[in-house]
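Q: I should like a close look at a single part of this protein. Please describe the surroundings of that part in one connected account.

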Amino acid sequence: MRTVETAQTFLTAAEVDALVGDYLAGVGVKALAERYGIHRATVFSHLRRRNVPSRRPGLGVDEKAEAVRLARAGISMRAIGRRMGVDRKAVRTALVEAGLIMDCTNGARRSGMPTPI
């Protein structure tokens, strides 16, 4: 027989409404999980069920300019991301927008051609 380590917390429809409102107002997932006494994964589940678009941390206008400056100075996307506290994808997006690198994710890549960094 299995035992449950922690008791499940079920939210009412009104509580889920409040959770969605808080998320849309900018409250972070970790803070919401603590506030409502649920796991972070459960927060994401409620948001997904309500078709709430997820927030992705990215770079602001000034940060994008800094990422471009660093890339032109020869710094790798990974190193730029570490320095700026974002993932490599956010850095890559900024460099594509600036025209510094080509975006081949739209199917334009030819077979046998290396994937751009």
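What covers the buried residues of helix 6?

A: In this predicted model, the cover over the buried residues of helix 6 includes helix 4 (61-72) and helix 5. Helix 6 itself spans residues 88-97, and its buried residues are Ala-90, Val-91, Arg-92, Ala-94 and Leu-95. Just after helix 6, Gly-99 adopts a positive phi of about 80 degrees.

Helix 5, which covers residues 77-84, has the lowest mean pLDDT among the elements of the protein, at 90, whereas helix 1 has the highest, at 95. The average pLDDT of the protein is 84, and 82% of the residues score at least 70. Over residues 107-114 the pLDDT is below 50, and this stretch has 3 contacts in the model beyond near neighbours in sequence. Where pLDDT is low, the predicted coordinates should not be read in detail.

Leaving aside residues up to four places away in sequence, Val-43 touches Leu-19, Val-29, Leu-32, Ala-33 and Ile-38.

Val-43 also takes part in two helix contacts, described here in turn. The axes of helix 2 and helix 3 come within 8 Å and cross at roughly 100 degrees, so these two helices are roughly perpendicular to each other. Helix 2 contributes Val-29, Lys-30, Leu-32 and Ala-33 to the contact, and helix 3 contributes Arg-40, Val-43 and Phe-44. By class, this contact of helix 2 with helix 3 comprises 5 nonpolar, no polar and 2 charged residues.

Helix 1 packs against helix 3 at an angle of about 95 degrees, with the axes 10 Å apart; helix 1 and helix 3 are therefore roughly perpendicular to each other. Here the contact is made by Val-16, Leu-19, Val-20 and Tyr-23 of helix 1, together with Val-43, His-46 and Leu-47 of helix 3. The contact of helix 1 with helix 3 has 6 nonpolar residues, 1 polar residue and no charged residues.

Conventions
Residues numbered from 1 in each chain as written. Predicted model: local features only at pLDDT ≥ 70, side-chain atom pairs only at ≥ 80, totals over all residues. Heavy atoms only, no water. Contact = heavy atoms within 4.5 Å. Axes fitted to C-alpha atoms, helices over the stretch in contact; angles between N-to-C directions. Helix = DSSP H or I, 4+ residues; strand = E, 2+ residues; numbered from the N terminus. Parallel < 35°, antiparallel > 145°, perpendicular 65-115°, else oblique. Nonpolar A, V, L, I, M, F, W, Y, C, P; charged D, E, K, R; others polar. pLDDT = per-residue confidence, 0-100. Buried < 20%, exposed > 50% of the residue type's maximum accessible area, 1.4 Å probe, protein only.
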